[in-house]
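Good morning. I will go through one protein model, starting with a term we need and then taking a few parts in turn.

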Amino acid sequence: MAIYKTNSREETAALGRRLARALAPGRLVAFTGGLGAGKTAFCEGLAAGLGCTDPVSSPTFAIVNYYRGPRPLAHFDLYRIHTEEDLYAAGFYDYLDEGAVVAAEWSENLPGPLAAENPVRVDIRILGESEREIAVTGVEL
């Protein structure tokens with residue numbers, strides 16, 4: 001596990017861009033962190049690092065946002081997803097099978113099914129107004 005400290009939204013996004021370089025197609029990134037921790041900011045950088053051109057926004061109401069590019073990103077909010085059947089219905093496994101990188105916010109809601117995908121884990125903790133501690137496991141940056 002590597003631990004990083006960021007002091008701004010821009011630094012958090014930059015760490016996401018850095019992670020993008022280390023990800024193979026079809027890789028799952030499982031996020032944990034409370035409301036306002038910076039998961040979406042991290043995903044902005046992840047999408048940019050993958051070459052996605054669509055604007056990034058929180059998938060809270062859509063459940064999944066898909067960002068097109070040479071290495072596409074499917075950005076899931078699992079807050080209201082409670083079963084593996086819900087994952088199938090939302091197309092979660094289809095995105096992985098098609099080679100998209102999948103970012104899953106609120107991954108702690110489905111620890112069993114996600115663990116089977118050997119995810120990269122990103123835990124973001126709020127230390128201050130703009131300061132974050134970000135632990136990354138499952139890949140070297």
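Predicted model: local features only at pLDDT ≥ 70, side-chain atom pairs only at ≥ 80, totals over all residues.

Is Pro59 buried or exposed? Buried means under 20% relative accessible area, and Pro59 has 0%, so it counts as buried. Apart from neighbours within four places in sequence, Pro59 is in contact with Val64, Asn65, His75, Phe76, Asp77 and Glu105.

Now the helices. Helix α1 runs over residues 9–20, which is 12 residues, and at 1.5 Å a residue it should span 16 Å; the C-alpha atoms at its ends are 17 Å apart, so the two agree. Which residues of α1 are buried? They are Thr12, Ala13, Leu15, Gly16, Leu19 and Ala20. These residues cover an arc of only 155° around the axis, so they sit on the same side of α1. An α-helix has 3.6 residues a turn, so residues three or four places apart point the same way. The cover over the buried residues of α1 includes β1, β2, α2, β6 and β7.

Helix α2 also has 12 residues, and from first C-alpha to last it reaches 16 Å, close to the 16 Å expected. It is mostly covered, with 9 of its 12 residues buried. Among them are Lys39, Thr40, Phe42 and Leu50. Just after α2 comes Gly51, with a positive phi of about 90°.

Next, the largest pocket. About 160 Å³ of space lies in it. Its lining includes Lys39 and Thr40, along with Ser58, Asp77, Glu105 and Trp106. By type, the lining divides into 3 nonpolar, 5 polar and 3 charged residues.

Last, two backbone angles. Most residues other than glycine have a negative phi. Trp106 has a positive phi, near 60°. Trp106 lies in the loop between β5 and α5, and at a relative accessible area of 14% it is buried. Asn118 has a positive phi too, about 50°. Its place is the loop between α5 and β6. Exposed means over 50%, and Asn118 is at 53%, so it counts as exposed.

How values were computed
Residues numbered from 1 in each chain as written. Heavy atoms only, no water. Helix = DSSP H or I, 4+ residues; strand = E, 2+ residues; numbered from the N terminus. Expected span 1.5 Å × (residues − 1). Buried < 20%, exposed > 50% of the residue type's maximum accessible area, 1.4 Å probe, protein only. Arc of directions from axis to C-beta. Contact = heavy atoms within 4.5 Å. 1 Å grid on protein atoms, 1.4 Å probe; cavity = no way out; pocket = protein on both sides within 12 Å on 5 of 7 lines; lining within 4 Å. Points joined across faces, edges and corners; volume = space filled by probe spheres on them. Nonpolar A, V, L, I, M, F, W, Y, C, P; charged D, E, K, R; others polar.
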